Structures are given as C-alpha cells and as structure tokens.
Amino acid sequence: MPLGFTELPNLQLLKLGGNLDLRASCSQLLRGSWEKIQVLDFAYNKIHGRLPASIAKMSSLTYLDLFLNGVKKLLAGENHLVGHLPNWLGELKNLVELDLSSNSLEGPIPASLGNFQNLSELQLRANKLNGTLPDSLGQLSNLNFLDVSMNELSGVISEVHFSTPTKLDSLDLSENSFIFNVSSDWIPPFQLIYLYLGSCHLGSIPSNISKIMYFFSLSNNQMTVEIPNSIGKLKSVRVIDLSRNHFIGSIPSSIGNFSGLSALDLQNNNLSGEIPSSLSELHLLRTLHLRATGNIPPWVGEAFPHLRILGLRSNDFSGEIPPAISNLSSLQVLDLANDALNGKIPASFDNSLSGAIQASMSSITALSYLDVSNNNLSGVIPYTNQMATLMHLVMVETHVYVEVLSP
C-alpha cells in the first residue's frame, strides 16, 4: 500500500475496505498528521501490528473500521469519539488491548467483545455507555484488567461475568447502577489486586472478598448494614475505602488484622461506638478517616508514626484532644471539626501552658491543614517559624486564637 496517503493533511475521508490483499503496518499507515480525518475504513484488509499513539491526534475522527484485520492494540482513549460501539469490534480476534476510555461513546457494550480470546485489557471508563454488562465478557480467559467505570450501565452482576478470567487482577465497576447477585459460597477463580465498586448501589459488602490483595473501595453506596467482622479476611489489603455509606454499628475489631494497611476511610457513615483498640496495630497507616463516638484514645498519637492525614470530622467525640497527637511527626492534615471536643488546646499547641512550646511544635512541622471548628475548645495556638508549612487554619465557633511568637 502506498504510504503517501499519510502526507495528505487535509484528508477527511479514506475508505479502503474490501481490498483483501491490501497489506500495511498500522504504525506506518497511521503515522501521518491526519488532523482533519473523520472517517477511516480499513475493513476486510490485512492491516497488522499495533495502533500507534498518533491516532490520539486525530481529534476529528468519528468512524474507524478495522473489521477482519490483525490489529493487536486499539488505543483511542481521551479523544472525541461518538456513537455506538460497533459489533465488528469482536472480529479483531488478535486484539490484546482495547482502550476507548474518556470519549463520548453511548449505547450498549456489544456481546461480540466476548470473542477477544487474547484480550488482556479492556478500558471503557468515562463514556455514556448504557445497558447491561454482557455475560460474554465472562469468556475472556486472558483478561487481567477490566474498567467500565463512570458510565450509565445497570443490570445484574453474577458469577457468569467472572467464570473464566482466572488472570483478572484489576476490576473497576464504579459509578454505575449494578445489582450484585453472587452466591455466598462462590469462590472467585481470580485474585484481585484492585477492586473498585464505588457508587454501584450495593446493598451490602460482598462476602467473597478474601482474595483482594491491595485496593478495596466500596465508597458512596447505599449500605445500611453493619461492617461484617469477616472483613478481617483481607489481611493483605493496603487501602480500604468504605466512606459515604450508611453503615451502622461499631467499627469491627478485625480491621486491626490489616498489618500492612496504609489507608482506611470510614467517614460519612452512621457508625457508633468507640475506636477499637485493635486499630493501634496499624502501624503503617498514612491516611485515617473515622466515624465513631466516645473519646479520642491517647494511643492515636503513639501508634501511627507514618500518619499524614487524620480526619475525625463530624463525629460525636467528646473530651479533650489528647496531647500525644503532637507526637505524629509526619502529620500534614488534622481535621477535628464539628465534634463535641472540649477543654483547652493541649500544651503541645498552647503557649500559656508550656515553656517548651517550640520543642513540642517542632515535632509536627509538616502540618499544612488544621481545622478545629465547631467545638468547645479554648486556648492558644502559637505561630512560630516551625509552623511555616501551615496553609489552612480553620477555627470557626471556638474560643481558640493564634498568637504570633517572636523568634
């Protein structure tokens, strides 16, 4: 095939379909600067290889047909593609990676995508796709990455969707309207590293979650149940996000089993009860957002040497702020707003109560955000050179003020 076509910068339409002996490499054929191209029809040819990154520059492209070719990668994410996903996509049987994310595609996901026996990555996130997730995707035996998040998909998700992909390690179904119907004794044939099910209208935490290795997110669902103690089975998980739900009851003590946990987010729930002491075993935490009641336990300042974000906003905490919080030397964000805390600001923060203020303040020199609004606190927060990193300080409806100290 003559490659001079690539030097036609004003080309808007190119149809070469049906030339059964037409041979060309994708990387050579699409290397040009077709910035005005709208239609490319290469169906029924012998085009081969991988689609190059230059296809992302074809900002006017609305139609691409590669039916019955040997393409291995179709990467067209973050473009302006519109219309429906064509059924002929399923005929690209050599396809290893399909990325059409962040476009304006609509309509259903065609069942023909289940023909991709070599497909390892399927990315369709951030489009306007609707309908259900085809059962045929459960036949993708080599699939290890599936992302259909941020669409308008609905329908039932069952074991059928995951019957074959034993290599699946990343699954993102978030921000859709799926209903999960998986039996309690079902054992997934794969071991996930990442599971994102945020905003999926889940009613409860799936019971078969013990094979998740790293990231577990069920944020912004409608769960009005207790967090099951069985969540402690996720012993290898590093990030748990159960925020923005309606969980009731107390924080299960089994969460303390996550010795490698780096982030735990339970904010914006209806949890009650005190913070379980088992959380003091989570020594690697860097981010902690909780919903609980009672007092802030003193061990919070001793148990988390790597903690950078501590969010205890909008709880029913009472009592005083434990002075040991000043021991969190890596802390960057401390949010205690909208609680029922009382008493004075601890000596670590209060110039009038301690003669070693600068020494104690020097231990939290990374602090950039402090919010103690809407509490019954009083006292002084001294501003010294050690607090130069502080960018946000909020103290609405308190009796706390800042005193600038001389160096």
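## Selected residues and aromatic pairs in a predicted model

Glu-97 lies in strand β8, which covers residues 97–99; strands here are DSSP runs (E) of at least two residues, numbered from the N terminus. This is a predicted model, in which local features need pLDDT of at least 70 and side-chain atom pairs count only at pLDDT 80 or more, whereas totals for chains, interfaces and linings use all residues. Residues are numbered from 1 along each chain as its sequence is written, and side-chain values use heavy atoms, with hydrogens and water left out.

Glu-97 counts as buried because its relative accessible area is 14%, where buried means under 20%, exposed over 50% and partly exposed in between, with a 1.4 Å probe and protein chains only. Leaving aside neighbours within four places in sequence, Glu-97 is in contact with residues including Lys-72, Leu-75, Leu-119 and Gln-123, contact being heavy atoms within 4.5 Å.

**The loop between β19 and β20**

Asn-269 and Ser-272 are both placed in the loop between β19 and β20. Asn-269 is buried, at 4% relative accessibility, and its side chain reaches the backbone oxygen of Leu-242 at 3.1 Å and that of Gln-267 at 3.3 Å. Ser-272, by contrast, is partly exposed at 37%. Although Ser-272 and Gly-249 are 23 residues apart in sequence, their C-alpha atoms are 5.7 Å apart in space, and Gly-249 is among the residues in contact with Ser-272, as are Ser-250, Ile-251 and Thr-293.

**Aromatic pairs**

The structure holds six aromatic pairs, a pair being rings of Phe, Tyr or Trp (its six-membered ring) with centres within 6.5 Å, called stacked if the planes are under 30 degrees apart, edge-to-face if over 60 and tilted for the rest. Two of the edge-to-face pairs are listed here.

| Pair | Distance between ring centres | Angle between planes |
|---|---|---|
| Phe-162 and Phe-190 | 5.9 Å | 75° |
| Trp-299 and Phe-304 | 6.2 Å | 75° |

Phe-162 is buried at 5% relative accessible area, and Phe-190 is buried at 7%. In the other pair, Trp-299 is partly exposed at 22%, while Phe-304 is buried at 1%. Ring pairs also link Tyr-194, Tyr-196, Tyr-214 and Phe-215 into a cluster.

How values were computed: Helices (H or I, at least four residues) and strands (E, at least two) are DSSP runs, numbered from the N terminus. A polar contact is a pair of N or O atoms within 3.5 Å; within protein, one must be able to donate a hydrogen and the other to accept it, and residues adjacent in sequence count only if both atoms are side-chain atoms.
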